[in-house]
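Q: I have a structure to look at. How do I start reading it?

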Amino acid sequence: MTVFAALVHFINFVLPPLGLAAISVFIAKCLWWTRLSWSSSWRVTLTAWGANMGMSVAGWLLTGKDGSMWAYALMVLGNTIVLWWLGFVSARRSR
């Protein structure tokens with residue numbers, strides 16, 4: 001594998017969690033703008049991206065391959081938990 005091919009593989013491994021985080025944070029900020037008004041979009045996106053990457057790596061380790069539906073399901077689950085935590089649990093604590 002060449003360096004360019006390895007770079008493309010790495011980018012294709014990192015972009016789906018980032019895209020899911022960015023889209024879901026945008027939708028969450030539009031729907032629950034009062035709950036998420038205390039935090040910046042960048043902070044929430046990076047936190048969700050970190051959770052999505054962790055779940056993607058966990059799915060990769062569990063199934064032995066990247067891009068399986070179980071890994072994507074884990075990514076959605078992790079993303080949902082992070083947005084719920086930041087939007088509803090942490091918002092109550094900061095009040």
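A: Start with a caution. This is a predicted model. Now ask about a helix.

Q: How many residues does H2 have, and how far does H2 reach from its first C-alpha to its last?

A: H2 has 23 residues and spans 32 Å between its first and last C-alpha. That is close to the 33 Å expected at 1.5 Å a residue.

Q: What comes just after H2?

A: Look at glycine 64, where phi is positive, about 85°.

Q: Which residues of H2 are buried?

A: First the general idea. An α-helix has 3.6 residues a turn, so residues three or four places apart point the same way. Now the case here. The buried residues in H2 are Val44, Thr45, Ala48, Asn52, Met53, Ser56 and Gly59.

Q: Why does serine 56 count as buried?

A: Buried means under 20% relative accessible area. Serine 56 counts as buried because its relative accessibility is 5%. Serine 56 sits in helix H2, residues 41-63.

Q: What does serine 56 touch, leaving out residues up to four places away in sequence?

A: Its contacts are Phe13, Pro17, Ala71 and Met75. Serine 56 and aspartate 66 lie 10 residues apart in sequence, and 7.9 Å apart from C-alpha to C-alpha.

Q: Where is asparagine 79 found, and is asparagine 79 buried or exposed?

A: Asparagine 79 belongs to helix H3, residues 69-94. Asparagine 79 counts as buried because its relative accessibility is 5%. Beyond four places in sequence, asparagine 79 touches Leu20, Ala21, Ser24, Ala48 and Asn52. Ala48 and Asn52 are also on the list of buried residues in H2.

Terms used: Residues are numbered from 1 along each chain as its sequence is written. This is a predicted model: local features need pLDDT of at least 70, side-chain atom pairs count only at pLDDT 80 or more; totals for chains, interfaces and linings use all residues. Side-chain values use heavy atoms; hydrogens and water are left out. Helices (H or I, at least four residues) and strands (E, at least two) are DSSP runs, numbered from the N terminus. Buried means under 20% relative accessible area, exposed over 50%, partly exposed in between (1.4 Å probe, protein chains only). Contact means heavy atoms within 4.5 Å. The expected span of a helix is 1.5 Å times one less than its number of residues.
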